[in-house]
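Q: I am new to this structure and would like to learn how to read it. Could you take me through it step by step?

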Amino acid sequence: MGLRDLVVRVATRRPRVLVVEMPGGAPTRMAVERELDRRGWPVGTAPGSADVLLLAGEVPEPLAEAVELLWDQLPGPRARACPSGPGDVAHELDAAQASLRDDLQQRADARERDREPASSWVEDDVDHGDHGDHGDMEMAPGGIPLAEGDDDRDGLEMDVLVHPLGPLLDHWPGGLELRTRLHGDVVAQAEVHRPAAEAAEAADDGPVAVATWDAVATVLALVGDEVWARRARALRDQHLGLDGAGDQHAVRAHLARLARTHVLPHSVADVLGRLLDERLDPAAHRLSDAALSSLLEGHDLGDVRLLVAAHAPLLPLGRAEEVGHD
Amino acid sequence: MTELLIALAGSSGVLLATLLLAWTASASYVVATGRAGGDALLHAPRESARLLRQRRRTTLSADRLLWRGAGWSLLLVAALLVALVPWDGSALLPGSLGVVWANTLDIVVWALVWLLGWGANSVVGLVGGYRFLALALAYELPLMFALVAPALAAGSLDLAVVAGAQGTLWYAVWMPVAFAAYLLGVLGFAVLGPPSAPAGRETGSGVLTELSGPDLLVVNAGRYALLGAGAAVAVPLFLGGGAGPWLPGAVWVLVKALLLTAALAWVAGRLPVLRVHRLMEPLWTVWLPLVVVQDLVVAVVVVMGR
């Protein structure tokens, strides 16, 4: 074995996987997390440093273009895994690792790619054709329009930026898209969209306890509490009927501790507690899109991620119209 | 000629020590997140190979010079911090103002982390950069006042003199608040553990979001190296420098630095990330006065001892 082979093997021993849930893909995503835990592969949080893009669940037509944009952001060597169901996960991960190790294939992939950075996601109305108008360039450097001014909540004028969250994001409910207006890092306004609502309709929620422990695990993973997130995932798998075991009370006590020390916002700890106590029934207390956006407005970007993760069991999977209010 | 050779040997020694400290920090951090020991030791080489093989990417209209420059400078700052540490009575960069230089270097990190967020021309990067500035305001003042305590007790800003002045009773023992404030500051400028919100997962890795390949490798290596370098500077400041039985002083400095690095990284890997806007208040209203009281106690002890 040559030195090059050795480096490739060492480099691909534990590839970093960016796991993106598709609408209705929660069971597959849970199976992926289980398998990644077993293998000790790290979960990525940004496409820029990920090796594998894993799409959990079927990619619906409206998201196909966005998936290509995300795929383009992986620097490479890169591999894509699309397990069709929980049973397919181990095989897909093996295939992704093998593809990463295939130097010839990776080099061919790199040659075909455009070296320029991916263009702006903002729909630009600036015609950057052959005119060299300096004024236009200043208004939209690189084709990205500058932030506009708006009244801040403190009554000061603030730069306002339109920033999308989702629909393709790690640790995020499949298919949910938030179009936020940011004042600094505070979400002043959030519009809820579901670009692929139909795809999720056939999906089965599964037991409530599974969705709840899943939400706990996601919240803990988001605050970087990896050890306790793994314990919550074990409890979730136990409720799925798989072999996993854990001390439910210990995790609940830990959640209370995190709320006391303000690691978690109170509303996050509160909704998780009520879900665990079964005082909130996801079937009866569906969160409408309007309720979700009013819940998120005024929080900073980090808290918004935590709030969405904690309320995930209450989010409707399908179309918003069919869902009653809280 | 011999002076040049000595300087070269010293610099390579400092670089090696910095990398060893960074490796120790990363292994201990990974152990804390629940991986086995052997696996954790291999984490750094594996991650290095992975990121060296990964291609560089850039973003639209990135400020490449400042972005890349800031990332690569973190390791340099860590090496300079290690160069301040007196190994066997003398440091590579000796000086009567060692304590001040250590403080200056940790403030350079403010600019570097902020530029890392700024340079990528990305929303979450910039959010991470500003979070770091807010956090730095919260940890830096307690850190500065914590540095005052050992300098006051030893009557000198020279790290070698501070180390020598401790005798059998280490400053960490009778200045626990200053020691703790210093260690919190180290985690702050290494952007690891509880004060790592600028690179937090809930904002998609914040200042690290757009980094890839070798650029990410040097930044992560720099963060672990800064943790190790901060721990190494704590050895002359709080842990008696090279004092210890049987072994030569330089070995004791290295052993203490490695042990403190491992312990600090383990704690950092074990704890969740704290939210920035919740940190400012307790750090300034509770922690800062406590550190100032610590300085007062030290000053009284020094005056009484005369």
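Q: How much of residues 132-157 of chain B is helix, and how far apart are the end C-alpha atoms?
A: Helices here are DSSP runs of H or I with at least four residues, strands are runs of E with at least two, and both are numbered from the N terminus. In this predicted model, residues 132-157 of chain B are 88% helix and 0% strand. The end C-alpha atoms are 28 Å apart.

Q: What does UniProt call this span?
A: UniProt positions use the numbering applied here, feature names are shortened, and annotations may be inferred rather than shown by experiment. The unreviewed UniProt entry lists residues 132-157 of chain B as a "transmembrane region".

Q: What ground rules apply to the numbering and the values?
A: Residues are numbered from 1 along each chain as its sequence is written, and chains are lettered from A and ligands numbered from 1 in the order in which they are written. As the model is predicted, local features need pLDDT of at least 70, side-chain atom pairs count only at pLDDT 80 or more, and totals for chains, interfaces and linings use all residues, while side-chain values use heavy atoms, leaving out hydrogens and water.

Q: How many salt bridges are there over all chains?
A: Side chains of opposite charge can pair when their charged atoms come close. A salt bridge is a side-chain nitrogen of Lys or Arg within 4 Å of a carboxyl oxygen of Asp or Glu. The count over all chains is 35.

Q: Which parts of chain A does the pair R236(A) and E33(A) link?
A: These side chains form a salt bridge at 2.7 Å, N to O. R236(A) sits in helix 8 (residues 226-239) and E33(A) in helix 2 (residues 26-39), 203 residues apart. Both are buried (under 20% relative accessible area; exposed is over 50%, partly exposed in between; 1.4 Å probe, protein chains only). A salt-bridge network includes both, with D214(A) among its other members.

Q: Where does the salt bridge of E226(A) and R201(B) lead?
A: E226(A) and R201(B) meet at 3.4 Å, N to O. The pair crosses between chains, from helix 8 of chain A to the loop between helix 8 (176-190) and helix 9 (213-238) of chain B. E226(A) is buried, at 17%.
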